Amino acid sequence: GEQRFHAVVEKGALVLTVTTHFTSGEEWDEHAEMDITKGYHAKVFHKIERTGGKVTGEEQVDFASGKVTWLRDGVRGEKTFTFTPDTYVGPMLGVVLAEVPDSAAHTGAIQAIVFRPGPEVYTLRADVLQEENFQVSNTSEPTTKVRLKADLGSVQNVVFASLIPTHYFWFTREDPPEFFAFE
């Protein structure tokens, strides 16, 4: 598929808009806002999934109140959390993980909301795997590859970590690094 990522700063907030069109016909529209006056602090997230123009899924997160709502398989749900300041979701990950390649240890940890199908908060560990040239069509971009995977503790990693897929992010080798791609 194809994804379009747009970021703009408005009145102390980073506003992210992401549209994804999959070859299957599924489409995602995501909107996220982060307060950036004192680091990155998630404010809101909203995602709508469509197939053939029909809404098939929805996720909403209000980080201040902790209220999370979702629609999955025609069933709506609601849950309230108490979030730590380092809790993120969706396109926010491409922003906060950009600091990992420049960190001394080339690693980092964050809390993330994962919908499987209902929401849960998990610790995710990020580590730099390698520097490589990311190939897109006829263009090659020097990037740093970062792996993001669940860290549920030694026992639970064996049993449950496979339920939360590992993601890979590529960042440019510019200073500061910028989000380039993910898988």
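Analyst: Let's start with a definition: a charge sits over a ring if NZ of Lys or CZ of Arg is within 6 Å of the ring centre and within 35 degrees of the ring normal. Keep in mind that this is a predicted model.

User: Which lysine lies over the face of W28, and at what distance from the ring centre?

Analyst: The cut-off for a charge over a ring is 6 Å from the ring centre. There's another case of this kind, with K145 over the face of Y168 at 4.8 Å. For W28, the residue over the face is K47, and the distance from the ring centre is 3.4 Å.

User: In the open sheet of six strands, which strands stand at the edges?

Analyst: The order of this open sheet is 8-9-10-11-12-13, and its pairing is mixed. Two of the strands have a single partner each, so one side of each is left without a neighbour in the sheet. Those edge strands are strand 8 (87-88) and strand 13 (179-182).

User: How many bridges pair strand 10 with strand 11?

Analyst: Strand 10 covers residues 119-136 and strand 11 covers residues 139-150.

User: Is the F63 and F83 ring pair stacked, tilted or edge-to-face?

Analyst: A search of the whole structure finds 10 aromatic pairs. For F63 and F83, the ring centres are 5.1 Å apart and the planes make an angle of 45°. Planes under 30 degrees apart count as stacked and over 60 as edge-to-face, so this pair is tilted.

User: How far apart in sequence are the parts that this pair ties together?

Analyst: F63 sits in the loop between strand 5 (54-62) and strand 6 (67-72), while F83 sits in the loop between strand 7 (75-80) and strand 8. Both phenylalanines are buried. The parts they tie together are separated in sequence by 20 residues.

User: What about F134 and F180: how many residues apart in sequence are the parts they link?

Analyst: That pair is edge-to-face, at 5.5 Å centre to centre with 75° between the planes. F180 counts as partly exposed, at 30% relative accessibility. F134 belongs to strand 10 and F180 to strand 13, so the parts tied together are apart in sequence by 46 residues.

User: Which residue in the strand 1 and strand 2 hairpin takes a positive phi?

Analyst: Strand 1 (residues 2-10) and strand 2 (residues 13-21) pair in the antiparallel sense over nine bridges, and A7 stands opposite L16. Two residues lie between the strands in this hairpin, and the one with a positive phi, near 50°, is K11.

Conventions. Residues numbered from 1 in each chain as written. Predicted model: local features only at pLDDT ≥ 70, side-chain atom pairs only at ≥ 80, totals over all residues. Heavy atoms only, no water. Pairing = 2+ DSSP bridges. Helix = DSSP H or I, 4+ residues; strand = E, 2+ residues; numbered from the N terminus. Phe/Tyr/Trp six-rings, centres within 6.5 Å; stacked < 30°, edge-to-face > 60°. Buried < 20%, exposed > 50% of the residue type's maximum accessible area, 1.4 Å probe, protein only.
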